[in-house]
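Please read the following note beside the sequence and the three-dimensional view.

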Amino acid sequence: MSRSPSFSPRTESNTDVDPESVQRWIVAFCIIRFDLEQGQLIEECYPPGCLTPEEELDVAFSSFPDSVSQHHNRSSIHDCMFFFRVQRRGSFIGEEVSSGEKVPKRKNHNEKGRDSKYLYGFVFNRQRHDERLKRGGEQKSVVILSHSPYSSLFKPLLQIMGPLYFDIGRKALDCIAASVSTWAPPLPGQLMELPIGNATLKVSLPPVHSLSFDGEVSFEESASSMAPLLPTNQSIPYGLFHDSDVFGIFKGILLQLWLLWELLLVGEPILIIAPTPPQCCEAVASLVSLIAPLFVSVDFRPYFTIHDPYFARLNSLQEGDTFPPMILGVTNLFFLKSLRNMPNIVSVGSPASNSTRLPFASRASTGRISGRPEGFGFRQLNLKKFSPSNLINAVKLRRDGPLCLMTEHKEAVWSGYVPITKPDTSILNRLVDAGLSPRVEESMSVVNNEILRRHFLELTTNFLAPFGPYFRANTPSVGSSPFVDPPPLLAFDADEFLGSLSTRGPGKFLSKRMKSNWLDIYRRFMKGPNFKPWFQRKRAVAEQEQYRLWRQARMNADIEEYINRSSELEIIEAFNAIERHLLAEMQANIFQGKNSVDHSKATYHKLKGDLQVVFNVLPKDMQHLLLMNPERATLLQ
């Protein structure tokens, strides 16, 4: 397969690469070959030495389709794309040796180690059939490793980089790295234009609130807290994997989407099985995207293999043991037996056809899955007619259990969970029939994705709305002193919250879409793994926003006017408060970046001037006592 005709590598001799700039986006580029004698081998890793030996093994094993999911067609070349997520682990040889020798960094320092607990690997896999080779063919994968789940960027980048590598070899890595080093730092939640060779990638990155949290609230996240609950511009992503094809991968089980949304919301473990890696990773990504704008704390693995070190722990669970909250995307049917106690199993996709078409389109709005069923359109899902045969098939599937997939792949959901959320048939009836034409199907899939994504965004937003008062920042009231400490945010008590919510009701939107026991879903959510990290993060954002508002109020305060209407005791309290805020700004100057330092310096000079004004109106004996403190005397100079 040739590379895109719209792209060609730059011919300039200057291919200088700035490693610092590249690491804003990418951990490494890897070329991995499947060797018949030695297994998976990393042929190239750029930059070298950035992975531990354990990580090299994890990446190598995750970069090839399972043998049972490989395509058994006889076309000469088959390309496929998928992605995985593995935990960072191990240590570098000689990492703790105190010598002058450089060792690889464990964190993406430009991004403050964002998502450094995990590595995302985006894979372009090529299977080449050649009867002259052993076993009649060979496999090789081009892999982009990153700390960030920027699927909307790395998918189209792989569509360029993968074929380019197979055309020109090792030089492709240098060419792509040179382009990446010219990119500006990532701007989460924004549309970016990124040059690559003579082409430009236009990508919307996921918002900062959907990325992992290191305890420090960024300016972008604090600013986003002021955004409306529902976006008016649908091109702006509101969570991870906004480019995934929800309709395309789940169209065989659309009525189950509300069950899957609820399972992920409350943190139930889910096993997703599909015939191919592109399909299983698309299903996991689509499911994760359904609960936007909620931050996902559940561990998710778009493509999980038996070689993952975490598999040993899962395989050791006994009857009655609780599975950890996670979403696993698999293709190997062995998981149906080894993880037979998994409470929720989802089967999606269809066996691959004899096609070499890539599974992901270059457009960010949808990723098309190869091997779609012939002639399968939405017309086959008629919600207005009762079909006894469909009911009989559903009962038979449930009776047979997921092990029936060992003989024939079927799309179905097996779960003992009793959902509270009801399928919204009005949304399903709005979905457009895709028809038989692939071009029409792709266009209609875009429309259907927008309908589904908008609905689930609205569903999640309305579900989270009752927590809003606990994230409401307090602003200084008119006539009050902005120099005192702001009041704390509204304290949260789970029992009080549920009692108040029970009295108020779920609201019009949710009452139509949930059963009478709707309060139970809030109980399950608050006990699940997603609630606490999301709630604490939203509180941190609210506290940061409150700090910003009160700091701005101090900048705008007229100290002379405040003194004229205040008592002597209030003036003394204001002096102590201003001094405390001034010392905090001095400390902030030490740790903050240039732009923040400039802003902090302006606040520092304003507070220092106010402190001097208040000091001048204090009684002389008090001024004398205050100046006896050398540090305070320095502030008043």
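How do the axes of helix α14 and helix α16 cross, and within what distance do they come? The first point takes this up, after a word on the source.

This is a predicted model, in which local features need pLDDT of at least 70 and side-chain atom pairs count only at pLDDT 80 or more, while totals for chains, interfaces and linings use all residues. Residues are numbered from 1 along each chain as its sequence is written, and side-chain values use heavy atoms, with hydrogens and water left out.

1. Helices α14 and α16. The axes of α14 (residues 494–504) and α16 (residues 519–527) cross at roughly 160° and come within 11 Å. Helices (H or I, at least four residues) and strands (E, at least two) are DSSP runs, numbered from the N terminus. Axes are lines fitted to C-alpha atoms, for helices over the stretch in contact, and angles run from 0 to 180 degrees between N-to-C directions. The pair α14 and α16 is therefore roughly antiparallel, a term for angles over 145 degrees.

2. The contact of α14 with α16. Residues A494, F497, L498, L501 and S502 of α14 meet L519, Y522, R523 and M526 of α16, where contact means heavy atoms within 4.5 Å. The residues of this contact comprise 7 nonpolar, 1 polar and 1 charged. Here Ala, Val, Leu, Ile, Met, Phe, Trp, Tyr, Cys and Pro count as nonpolar, Asp, Glu, Lys and Arg as charged, and the others, Gly among them, as polar.

3. The sheet. An open sheet is formed by 5 strands in the order β2-β1-β5-β4-β3, with antiparallel pairing. Strands β2 and β3 (77–87) stand at the edges with a single partner strand each, so one side of each has no neighbour in the sheet. From one strand to the next, the twist averages 20°.

4. Strand pairs within the sheet. Strands β1 (residues 28–35) and β2 (residues 39–46) pair in the antiparallel sense over 7 bridges; strands pair if DSSP finds at least two bridges between them. They form a hairpin with 3 residues between them, and I32 has I42 in β2 as its bridge partner. Strand β3 is joined to β4 (residues 118–129) by 11 bridges, and these two run antiparallel. F84 stands opposite G121 in β4.

5. Helix α2. Helix α2 (residues 53–62) lies across β1, β2, β3 and β5 (137–146), and runs at about 145° to β3.

6. Helix α4. Of the 10 residues in α4 (residues 171–180), 8 are buried, that is, under 20% relative accessible area (1.4 Å probe, protein chains only). The buried residues of α4 pack against α1 (19–22), β1, β2, α3 (151–168) and β6 (191–196). The axes of α3 and α4 are 8 Å apart, at an angle of about 145°. The residues of this contact divide into 9 nonpolar, no polar and 1 charged.

7. Two residues of helix α13. H455 is found in α13 (residues 438–464) and is buried, with a relative accessible area of 3%. Apart from its neighbours within four places in sequence, H455 is in contact with W258, D424, I427, F509 and R513. E458 also has its place in α13; its relative accessibility is 25%, and it counts as partly exposed, a class between the 20% limit for buried and the 50% limit for exposed. The C-alpha atoms of E458 and P293 are separated by 9.5 Å, although the two residues lie 165 residues apart along the chain.

Notes: Angles under 35 degrees count as roughly parallel, over 145 as roughly antiparallel, 65 to 115 as roughly perpendicular and the rest as oblique.
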